[in-house]
Amino acid sequence: MTETIDLPEMIAIGFLVEAPWNELPRAVPAAWTRLFETDTGATSFLEVSLSREGGVYRELVGYLAAKKTEVPDGMTRIVIPAQRYLRLHHDGPLADIAGGFEKLYAHAAVAGLKATDYKLDFGYAPGLAAGRHELHVALEPEPLRIG
């Protein structure tokens, strides 16, 4: 079931992946392997799709952290802004996650919502096994209406 939710500002720390679409299937799992081999003490992992510019996708493979958490060498800290998202729960193989995001974009189109390229995918675990994920697509803010 697709729903609209508001999420607060969050901090994520992880490895930044910048690659064209055809290289993501290699680059993103490699970043997950590197992250899970790093002693971070983290327990809540996510992938953040930051942008797509000129055919290059920017993703952060990482974990949620407190604001004052030190950033390990080689990693990047991002602030995920408080905003409204469409959310869908996905249960199953990682390969089917793309289909879950397609459902979110289709729902946005039918509902007249403006979806962005900014996405959150919570639920990763060491070994990258199938399981429950929360998929989120950020929505553009609605224009301010006065009167």
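Asp 91 counts as exposed, with a relative accessibility of 52%, where exposed means over 50% relative accessible area, buried under 20% and partly exposed in between, using a 1.4 Å probe and protein chains only. The side chain of Asp 91 meets that of Arg 132 in a salt bridge, at 2.8 Å from N to O; the term stands for a side-chain nitrogen of Lys or Arg within 4 Å of a carboxyl oxygen of Asp or Glu. This pair links distant parts of the chain, with Asp 91 in strand β6 and Arg 132 in strand β8 (residues 131-139), 41 residues apart, and Arg 132 counts as partly exposed at 48% relative accessibility.

The model is predicted, so local features need pLDDT of at least 70 and side-chain atom pairs count only at pLDDT 80 or more, whereas totals for chains, interfaces and linings use all residues. Residues are numbered from 1 along each chain as its sequence is written, and side-chain values use heavy atoms, with hydrogens and water left out.

**Overall build**

- The chain has 2 helices and 8 strands, which are DSSP runs numbered from the N terminus (H or I of at least four residues for helices, E of at least two for strands).
- Read from the N terminus, the elements follow the order β-β-α-β-β-β-β-α-β-β.
- The radius of gyration, taken over C-alpha atoms, is 16 Å, close to the 15 Å that the globule rule gives for 147 residues, so the chain is as compact as a globular protein of that length; the rule itself is 2.2 Å times the number of residues to the power 0.38.
- Along the principal axes, the C-alpha atoms fill a box of roughly 50 × 35 × 30 Å.
- Of the 147 residues, 39% count as buried.
- Among contacts (heavy atoms within 4.5 Å) between residues at least 6 apart in sequence, 70% join residues at least 24 apart.

**Other salt bridges**

- Side chains of opposite charge can pair when their charged atoms come close.
- By the salt-bridge rule, the count comes to 8.
- Arg 87 and Glu 3 form a salt bridge through their side chains, at 2.6 Å from N to O; because Arg 87 lies in strand β6 (residues 83-92) and Glu 3 in strand β1 (residues 3-7), the pair ties together parts that are 84 residues apart in sequence.
- Of these two partners, Arg 87 is buried, with a relative accessible area of 17%, while Glu 3 is partly exposed at 25%.
- Salt bridges that share partners join Glu 3, Arg 87 and Glu 134 into one network.
- Glu 9 and Lys 67 also form a salt bridge, in which the closest N and O atoms are 3.5 Å apart; Glu 9 is partly exposed, with a relative accessible area of 43%, and Lys 67 is exposed, with 57%.

**Charges and a buried lysine**

- The chain carries 14 positive and 20 negative side chains, and the centres of the two sets lie 5 Å apart; Lys and Arg count as positive and Asp and Glu as negative, without His and the chain ends, and each charge is placed at NZ of Lys, CZ of Arg, CG of Asp or CD of Glu.
- Lys 119, in strand β7 (residues 115-124), is buried yet has no salt bridge, and the nearest side chain of opposite charge, Asp 117, is 5.5 Å away.
- Not counting residues up to four places away in sequence, Lys 119 touches several residues, including Glu 47, Phe 101, Tyr 105 and His 136.
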